[in-house]
Amino acid sequence: VKKTKVVVVGGGFAGLAATMKLAKDERVEVTLVDKNNYHTFQPLLYQVATTGLEPGEVCPTLRAIFREKDNVNVLMGEMEGLEAENSSVVVDGEKLEYDYLMLAIGGRTTYFGNESWRAAVPGLKGLQDALEIRTRFLNALEQAETETDEKRKRELLTVAIVGGGPTGVELAGALAELKNHVLQEQYSGFCLEDIRIVLIEALPRLLPPMPEGLGNYTKETLEEMGVEVILEEPVSELEERRLVTEEREIRAETIVWAAGIEGRPLVQKFCQYTTKKGTVEVLSDLRMPPHPNVFCAGDMVHLKDEDGDPLPGLAPVAQQQGSCVADNILALIEGENTKSFHYFDKGSMAVIGRSRAVANVFSKISLKGPLAWLAWLFVHLLSLLGFRNRAVVLVRWFWSYMGWRHSARVLNPAYLPE
Ligand SMILES: Cc1cc2nc3c(=O)[nH]c(=O)nc-3n(C[C@H](O)[C@H](O)[C@H](O)COP(=O)(O)OP(=O)(O)OC[C@H]3O[C@@H](n4cnc5c(N)ncnc54)[C@H](O)[C@@H]3O)c2cc1C
C-alpha cells in the first residue's frame, strides 16, 4: 500500500510532537527536516550559557530520538523555499515532495527593526548563542585577571542583559549564582564582588505576562542576589560592549539581548498572510491559507485564544499545536473534517535561583519560593527528552545544589566572535 508522504520541517517542540504522533500510524511516512542534527530544549539554554549544563544534555540528536520509528526519516538540511503548486519544499537546493507539509521552523530573536544590533549583540535562541555567551563571559574573566586599566577591567567584569522576561530573569539569576557560589577562590586579579550583573527592562516591572506580585518578588530576589535591576528604561542605542538608555550608558564586555522573538525572514518568501512580527496568519485548524495541505505550528504562527489575545510563544503551545496538526493530517487521510486548535493553558514559570522560582499555574494560581522551584525542577526534568539526559541533568543539579561546583567551564575560543 502506498504510504502518505508527510514532510515536517523543524525538529523543535511543535515538529517533534507532530512527528511522534504521526510515527504511530503506519499509513504515513514522515520525513523530519531540520537544519541542525539535534533538537534544542530552549528552556534550559540559559544553563548552557552559564556553565551549568553541557550542550548534549539539552540538545539530543533527532536520529537518536526516532531510532526505533521505521516510518520516520530524519534529514539534516535547511529549508530555502516552498513550491506549494508542485507540493514540494526546497531543502538545500533539492526538491522534496509531500502529500502534507507541516512547517514548524520557530522564530528568531527580535531587535525591533534595529538590524545593526543583531550583528553586535547575541540573543539567546539557539545552542550557538548559548556557547557564545558562555565563552564571552569566561574569556572576559580571564582577561580581567591581568588587566591593569581600571576602566577596561570594569567593562570586562560587567554583564548586561536586556529584557526582563523569563529568559532575562533566568540568565541574570544563574549568573548571580555563578558569582556567589561557584567561582570563589579561582581568581586573584579581581574581587568577585566587582562582577556587575545588570538586568534592563523597558516596562515598569519584570515578567510582564505574570501577575504583578510575582514580578515584584522576582525583582526583590534578584536584587538580594546582587543583580542590579533597571526598570522603565528602553535601550536606545546598542553596539558591541556598549548600550545606552535615556538615563545611562553601560559598557559591558558581555551583553545579551533577551527581548522577545519574531518570525524568520524565510516566512515572507512563501507565506501570503503574515503579521507585522513576521509570523504566519493561519486558519483555526492551523492550515496556512491558501494551501489546503500545508500546516504551520509553534512560534512561527499567529493565532488568538478564545479571549482574542495572541497565544504566547511557549513550548506547550507549540507541542499542543504540533499534536493538533498530526490529528488533522490523519483526519484528512481518513476523509474526515479537521478540528480547530484550542490551547489548554498550563501556565508559565521562571526560576530565579536556588530554591527560588515563580509559577503561575493554569494562569490562575500564583506560586513563589521553594514550592515553585520544586515545581519548576519537576516540570523541566520530565520535559527533557531521554532517560540518560534526565539522569545526568538531575545529578548535575543535585551537585550544584549541594554547593559542589559545576564543571562546564571549558573556554573554547572557537565560539568567540571575531
Ligand atoms: C531561551 C529560551 C527560554 C525559553 N524558556 C521557556 C520555558 O521555560 N517554558 C516554555 O514553555 N517556553 C520557553 N521558551 C519558548 C519555547 O522554547 C518556544 O516556544 C518553542 O521552542 C517553540 O517551538 P517551535 O517548535 O515552534 O520552534 P523551535 O523550538 O524554535 O524549533 C524550530 C526548529 O526549526 C529548525 N529550523 C529553523 N529554520 C529552519 C530551516 N530553514 N530549515 C530547517 N530547519 C529549520 C530549528 O533548527 C529548530 O530546531 C523559551 C525560549 C527561549 C529562546
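**Entry 1: the ligand shell.** I looked up which residues surround the ligand in this predicted model. The shell has 30 residues, and Ala14, Asp34, Gln42, Met79 and Asp299 come nearest.

Entry 2: At Ala14, a backbone N or O atom lies 2.9 Å from an oxygen atom of the ligand. For Ala315, I noted 2.9 Å between a polar backbone atom and a ligand oxygen. At Leu314, a polar backbone atom is 3.3 Å from an oxygen atom of the ligand.

**Entry 3: cover and elements.** How much of the ligand does the protein bury? Taken alone, the ligand exposes 1,000 Å², and the protein buries 91% of that. I also asked which elements give two or more residues to the shell. They are helix H1, spanning 13–22, and helix H11, spanning 315–334. H11 supplies the largest share, three residues.

**Entry 4: a surface patch.** Phe344, Phe362 and Ile365 make a nonpolar patch of about 310 Å². I placed Ile365 in strand S22, which covers residues 365–369. Why does Ile365 count as partly exposed? Its relative accessible area is 47%. That value falls between the 20% and 50% limits, so Ile365 is classed as partly exposed. Patch members need over 30% relative accessible area, and Ile365 has 47%.

Technical notes. Residues are numbered from 1 along each chain as its sequence is written. This is a predicted model: local features need pLDDT of at least 70, side-chain atom pairs count only at pLDDT 80 or more; totals for chains, interfaces and linings use all residues. Side-chain values use heavy atoms; hydrogens and water are left out. Patches are made of residues with over 30% relative accessible area and no salt bridge: like charges are joined within 9 Å, nonpolar side chains (Val, Leu, Ile, Met, Phe, Trp, Tyr) within 5 Å. Accessible areas come from the Shrake-Rupley method with a 1.4 Å probe; for residues, only the protein chains shown count as cover. A salt bridge is a side-chain nitrogen of Lys or Arg within 4 Å of a carboxyl oxygen of Asp or Glu. Helices (H or I, at least four residues) and strands (E, at least two) are DSSP runs, numbered from the N terminus. Buried means under 20% relative accessible area, exposed over 50%, partly exposed in between (1.4 Å probe, protein chains only). A residue is near a molecule or strand if one of its heavy atoms lies within 4 Å of it. A polar contact is a pair of N or O atoms within 3.5 Å; within protein, one must be able to donate a hydrogen and the other to accept it, and residues adjacent in sequence count only if both atoms are side-chain atoms.
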